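The following exercises concern one protein model. Please inspect the sequence and the structure before working through the solutions.

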Amino acid sequence: MKNAETPVVKVVLYGAMSSLGSALMAELLRRQHEVIAIVDDLTALAPRPGLRTKPGDLFDAERVKQSVAGCSAVICLLDAPGLPFNSETVETTLVPGPVEQVLAADALIDGMQAAGIARLFLVGDFDVLDDPETFEPLQRHAAEEIREALQSSALRWTLVNAPRGVPGLTIDHFSQISSTLEPGLAEPLERLMRTAAGIADELRLNLHVGEHVNFVATSEF
């Protein structure tokens, strides 16, 4: 039961249909936060206490403003399949490339600032910032451009390196950890849960604002 004096933490989540998105929903709900998942299909997630779905468009600043209004923080998984956007010509399962990620980040920054929402966790392939020589120039340039846009904004942001996901994992995998997991799932579940818990801790403790963090050992990639 939630204490009546406990402030309500409302978290908007872009990328809920990914494996990390599922881990984040499970972790945030476990902590009795409210989660608003921005999705194209409002029936894609089964009803749960504390979980809501809303339509949106990550590539349109005005739609972002409408989606995030009234929330405490935003978590956006830039490399997630199925990010919400309004297009009849692009597959909704598309994982955004470097150019699309820059466009999404720009719209997100503008929309959040217009809505007066400051706290942002942006998750993506930002390990390129640590080791730029091993990545394609376009990917490196996109990550640098996103970081510069955040530094020029009024947002209280944290960049998070994306852990390697596993297709097919849902919130149920993280809500009810079973001792009879399918072979090979224990390690990725633990990795994703550790990242989700790390982000939730950062939100609670208000740590690493304006910084770039990694919750997974590089040897696990």
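Contact means heavy atoms within 4.5 Å. Helices (H or I, at least four residues) and strands (E, at least two) are DSSP runs, numbered from the N terminus. This is a predicted model, in which local features need pLDDT of at least 70 and side-chain atom pairs count only at pLDDT 80 or more, while totals for chains, interfaces and linings use all residues. Residues are numbered from 1 along each chain as its sequence is written, and side-chain values use heavy atoms, with hydrogens and water left out.

**Exercise 1.** Determine which residues of helix α2 are buried, and what covers them.

*Solution.* Buried means under 20% relative accessible area, exposed over 50%, and partly exposed in between (1.4 Å probe, protein chains only).

**Exercise 2.** State which residues L108 contacts, leaving aside its neighbours within four places in sequence.

*Solution.* With those neighbours set aside, L108 is in contact with Y14, L58, V64, V74, C76, L120 and L122.

**Exercise 3.** Locate Q32 and describe its phi.

*Solution.* 
- Step 1: Q32 belongs to the loop between α1 and β2.
- Step 2: its phi is near 65 degrees, a positive value in a residue other than glycine.
- Step 3: Q32 is partly exposed, at a relative accessible area of 36%.
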